[in-house]
Amino acid sequence: MGRTVRLTATVTADDGGMYCARCVQVEVACEGHTVDEALDRLRQALEHYFKRRAMPHPHLHPPIVVPIEVRLPD
């Protein structure tokens, strides 16, 4: 059995009632009908992802996740 690492995920809801879970450290995302389902699918996808790819260099500090406002054209 392998080691366990802690990654950061964000979860957003769409208008259709689905949730999208995304990993901050690598470009992997999954959807689910609930937050838990989206996170479970993301966990499985990441485990599969790291079977084929190396873990990125560990960061000394966790990522900072913040909202950002942007102006959209009219």
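1. Helices (H or I, at least four residues) and strands (E, at least two) are taken as DSSP runs, numbered from the N terminus. On that basis the protein has one helix and three strands, and the order from the N terminus on is β-β-β-α.

2. This is a predicted model, in which local features need pLDDT of at least 70 and side-chain atom pairs count only at pLDDT 80 or more, whereas totals for chains, interfaces and linings use all residues. Residues are numbered from 1 along each chain as its sequence is written, and side-chain values use heavy atoms, with hydrogens and water left out.

3. The C-alpha trace spans about 50 × 30 × 20 Å along its principal axes.

4. Of the 74 residues, 16% are buried (under 20% relative accessible area; exposed is over 50% and partly exposed in between, with a 1.4 Å probe and protein chains only). The accessible surface, from the Shrake-Rupley method with a 1.4 Å probe, comes to about 6700 Å², and carbon and sulfur atoms account for 54% of that area.

5. Contact means heavy atoms within 4.5 Å. Among contacts between residues at least 6 apart in sequence, 22% join residues at least 24 apart.

6. The structure holds one aromatic pair. Tyr49 and Phe50 form this pair, with 5.1 Å centre to centre and 85 degrees between the planes, which is edge-to-face. Rings of Phe, Tyr and Trp (its six-membered ring) pair if their centres lie within 6.5 Å; planes under 30 degrees apart count as stacked, over 60 as edge-to-face and the rest as tilted. Phe50 counts as partly exposed because its relative accessibility is 23%.

7. Tyr49 lies in helix 1 (residues 35-52). Leaving aside residues up to four places away in sequence, Tyr49 touches Val26 and Val28. Glu69 is 20 residues from Tyr49 in sequence, and their C-alpha atoms are 31 Å apart.

8. Ala45 is also placed in helix 1. With residues up to four places away in sequence not counted, Ala45 touches Val28 and Cys30. Its relative accessibility is 23%, so Ala45 counts as partly exposed. From Ala45 to His57 there are twelve residues in sequence and 19 Å in space, C-alpha to C-alpha.
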